[in-house]
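Hello,

Here is the structure I promised to pass on to you. Please open it first, and then read my notes beside it.

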Amino acid sequence: MKYSISDIAQVIDSRATVLNNPHATVSTLLTDSRSLTQPGETIFFAMRTGMGDGHQYISGLYAQGVRNYVVDTLEGIEVHDDANYIVTANTLAALQRLAGHHRRRFNDLEVIAITGSRGKTRVKEWLNQLLAADYRIVRSPRSYNSQIGVALSLWNINDDTTLAIIEAGISTTREMAALHEMIKPTMGVITNVGDEHDEGFESMEEKINEKTLILEGCGKCIYCGDDERIKQRLHKDLPLDVKVEGSTIHYTHDGCRYQATVPFTAPVDIENAITCLGVMLALGIAPDVIAERMARLTPVATRINVIEGVNNCTVIADGYSSDSNSLAPALDFVARRTGSRPNTIIMSDLDDGDDEAYAHVAQCLAGRKVSRLLGVGPAMCSHASMFGGINARFFENTAQFLDALSQGDFEDETVLVKGAPGYDFELILDLLEVKRHQTVEEVDLNALAHNFKFFKSKVNPTTKTVAMVKASGYGAGSYEIAKTLQDRGADYLAVAVQDEGVELREAGITMPIIVLNPSVVNYKAMFRYNLEPEVYSLEECRELIKEGTRCGVKNHAVHIKIDIGMHRLGFTLEQLPALIELLGSQDVLRPASVFSHLCVADEPEQDDYTLQQIEYFTRCVELLQSHCDHHLLRHILNTSGIVRFPQYQLDMVRIGIGLYGIKTVFDGSEDALLPVSSLKSVIISIKEWPAGTTVGYGRRGVLKRDSRIATVTIGYADGLDRHCGGGNTSMWAGGQRCPTVGNVCMDAVMIDITGTNCKVGDIVEIFGNHIPVEELSDARGTIPYEILTSVSPRVKRVYYRE
């Protein structure tokens with residue numbers, strides 16, 4: 001669908017316009033400059049968020065060909081005589097007004113809005129599978145359920161659409177009303193209401209009231225009638241009587257009994273399948289058709305995994321779906337991790353495989369300047385002519401792909417592997433993935449972003465953030481952590497040593513990086529990569545000035561460390577006059593901030609000492625600032641301090657272990673944090689032994705009953721401390737805790753799986769969502785920091801995003 005820029009200006013209620021080309025047409029909405037594909041028909045909404053100001057990207061977009069902009073001011077923007085500018089009070093509200101207007105052009109359209117704490121994306125994707133034969137469906141890409149994502153989803157509706165399925169996600173009050181106004185659903189679906197995003201609501205009742213707003217005005221409502229909280233809020237009865245036996249759903253409809261069997265057994269999948277059943281019945285789908293289609297449901301892989309590939313490649317595995325709708329978000333993810341490296345896209349036939357869909361894919365790939373396309377499947381081959389402007393090869397099937405290509409055909413590039421079920425793309429991943437130990441550390445980038453947002457919510461919008469990624473991101477791997485935090489709007493990164501900073505710069509991280517322990521040997525590298533060292537002594541300061549002078553450096557940013565009681569590094573109040581004199585005598589270094597570290601912020605019984613530290617720091621800052629002609633950023637709060645002493649957030653705060661989901665305060669104030677890292681391995685052997693049998697080195701494990709003992713391929717060479725053996729810790733296997741048996745070996749450990757259905761090849765969690773990392777640190781008599789940073793480099797890191 002296309003709109004003229006003049007029509008858009010009227011729809012969004014502009015305050016002022018500069019329309020140098022009022023007849024220009026727009027077909028693409030853009031809110032993230034990195035997602036640009038069709039500059040000639042794009043309109044960019046410059047938004048101010050906690051992650052940055054979109055107005056600063058206008059000049060770059062103009063250089064790339066964009067000529068239409070929605071802004072909240074023209075101040076500071078170069079206005080070109082061949083571009084159009086619409087000025088509005090709030091660019092997000094303007095985007096939502098335009099999306100709502102577009103939705104209302106299709107008044108007779110069936111629009112399903114799905115909200116809930118869990119299961120929104122899976123229900124949406126299953127409904128797409130179940131209803132594709134009956135409707136031309138537009139649905140939210142991936143999890144586009146935010147205030148921006150819903151607007152972008154609705155924009156995809158066109159004259160051919162006969163059903164829209166839109167996710168609606170909220171994290172606090174006063175959000176659902178805006179979503180409802182845009183979507184104007186004819187059917188509302190609530191999957192469930194749980195404790196996710198509790199921190200955004202005063203109570204569960206407030207959350208339920210907010211979520212159920214999506215049902216207002218809906219002719220049909222689908223929700224779980226067993227949830228009395230929702231039922232009482234809506235004052236409606238659920239007309240569908242449902243009973244579940246295994247994977248079979250029995251239900252009564254119009255006085256008759258029916259059943260549908262799904263190829264899943266997990267309770268959450270059954271719950272989502274029942275929701276889909278309710279939607280299909282509400283749409284008038286016959287029970288026999290429902291049964292036939294539900295039996296053919298396929299899993300929805302919501303993760304994007306980032307794994308280390310052969311020949312210095314980065315492999316991104318996206319099994320979400322293989323359709324034109326899901327390609328753009330995947331390419332966005334690739335673009336943000338590619339930098340200047342070439343990229344290869346490996347795609348199977350599309351699920352929505354008509355000519356229009358393949359034309360859209362070709363346009364999308366060309367717009368993203370993809371280096372190479374490798375298409376797999378007969379439909380890809382038959383549409384090869386559509387990809388004439390792209391370096392492309394096509395293969396009839398995966399076997400032909402594997403016969404034609406080897407690991408040597410992939411080098412120093414980012415590779416996106418995106419295939420539909422049934423194409424055996426796991427064989428391609430097996431070809432491309434570096435072969436390592438079966439033990440892996442999974443890193444949840446969504447959880448990292450959630451935790452960052454949690455701490456951001458504790459400080460003022462103007463307070464800057466330093467994200468700590470030292471010790472290789474607390475063992476999780478620094479680049480993907482840093483890239484995610486850069487995308488989420490962190491102001492600084494902090495590393496422990498210079499080499500960590502150099503590595504991030506060479507990987508493409510551009511944001512400011514503080515080096516906290518700058519024992520520098522190669523000063524040229526520090527200056528060349530624009531790394532900002534902590535200055536903690538006069539000797540170090542003199543050395544930096546000497547080397548900077550030698551390198552011709554001027555006004556290099558540094559950060560002054562004050563010793564307020566840790567007695568580790570830093571200047572005391574008495575040493576500051578000498579530092580002030582030294583800094584005033586040169587122009588090589590320019591102090592950017594002054595900071596210190598609270599050593600007992602997590603111990604309430606020592607709050608008096610913490611307050612003394614803060615008072616001492618304040619005096620030091622006042623002295624330094626009085627001799628400085630520019631404002632020095634002040635930061636003293638660490639993870640614990642952000643939660644317990646927000647009144648002292650000053651100009652900036654530092655977020656450390658809390659980013660990774662580890663609580664430092666145990667009064668409930670950090671309960672919303674999510675674990676970022678999960679250490680997992682596999683069972684490689686299972687044996688049954690009678691009571692009295694001894695297990696492991698030194699015969700330390702003595703079985704007190706007849707037992708099933710599994711050998712798990714992780715040992716102290718992987719970072720599992722020997723103190724974790726002998727039943728001191730448990731692992732999660734077969735849906736329950738299984739204690740360790742005997743000593744931990746170098747490459748293996750044994751666990752008692754008696755009473756489980758475990759089999760060889762099953763995944764075992766050492767720490768993660770079921771086994772808190774604190775359990776391992778308690779067993780070892782240490783702290784979670786040490787457990788996380790002790791995971792061996794030989795353990796493969798797998799990064800994923802839902």
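Below is what turned up, taken topic by topic.

First, the ground rules: this is a predicted model, in which local features need pLDDT of at least 70, side-chain atom pairs count only at pLDDT 80 or more, and totals for chains, interfaces and linings use all residues. Residues are numbered from 1 along each chain as its sequence is written, and side-chain values use heavy atoms, with hydrogens and water left out.

Let's begin with the nonpolar cores (sets of buried Ala, Val, Leu, Ile, Met, Phe, Trp, Tyr and Cys residues joined through side-chain atoms within 4.5 Å). Buried here means under 20% relative accessible area, exposed over 50%, and partly exposed in between, with a 1.4 Å probe and protein chains only. The largest core has 133 residues, and the members that touch the most others are Leu 365, Leu 485, Leu 493, Ile 560 and Ile 562. Leaving aside neighbours within four places in sequence, Leu 493 is in contact (heavy atoms within 4.5 Å) with residues including Val 466, Leu 485, Leu 504, Met 511 and Ile 514. Another core, of 47 residues, lies apart from the largest one, and Tyr 3, Ile 8, Leu 95 and Met 182 are among its members.

Next, the aromatic pairs, of which the structure holds 10. Rings of Phe, Tyr and Trp (its six-membered ring) pair if their centres lie within 6.5 Å; planes under 30 degrees apart count as stacked, over 60 as edge-to-face and the rest as tilted. Tyr 474 and Tyr 785 have ring centres 6.1 Å apart and planes at 45 degrees, so this pair is tilted. Because Tyr 474 lies in helix H17 (residues 470–474) and Tyr 785 in helix H26 (residues 784–789), the pair ties together parts that are 311 residues apart in sequence. Helices (H or I, at least four residues) and strands (E, at least two) are DSSP runs, numbered from the N terminus. Tyr 474 is buried, at 5% relative accessible area, while Tyr 785 is partly exposed at 35%. Ring pairs also bring in Tyr 660, which forms a cluster with Tyr 474 and Tyr 785.

A polar atom of the Arg 372 side chain lies 3.0 Å from the backbone oxygen of Asp 409. Beyond four places in sequence, Arg 372 is in contact with residues including Asn 343, Asn 391, Phe 410 and Glu 413.

Then there is helix H4 (residues 120–131): its 12 residues reach 16 Å from first C-alpha to last, close to the 16 Å expected at 1.5 Å a residue. That expected span is 1.5 Å times one less than the number of residues. How many residues of H4 are buried? The count is 10 of 12, so the helix is mostly covered. Among the buried ones are Val 123, Trp 126 and Leu 130. The buried residues of H4 pack against several elements, including strand S10 (110–115) and helix H9 (267–282).

Lastly, two loop residues. Lys 184, although not a glycine, has a positive phi of about 45 degrees; this residue is in the loop between helix H6 (176–183) and strand S13 (187–190) and is partly exposed, at 33%. His 567 has a positive phi near 55 degrees, sits in the loop between strand S29 (556–561) and helix H22 (576–584), and is exposed, at 64%.

Best wishes

Definitions and conventions. A polar contact is a pair of N or O atoms within 3.5 Å; within protein, one must be able to donate a hydrogen and the other to accept it, and residues adjacent in sequence count only if both atoms are side-chain atoms.
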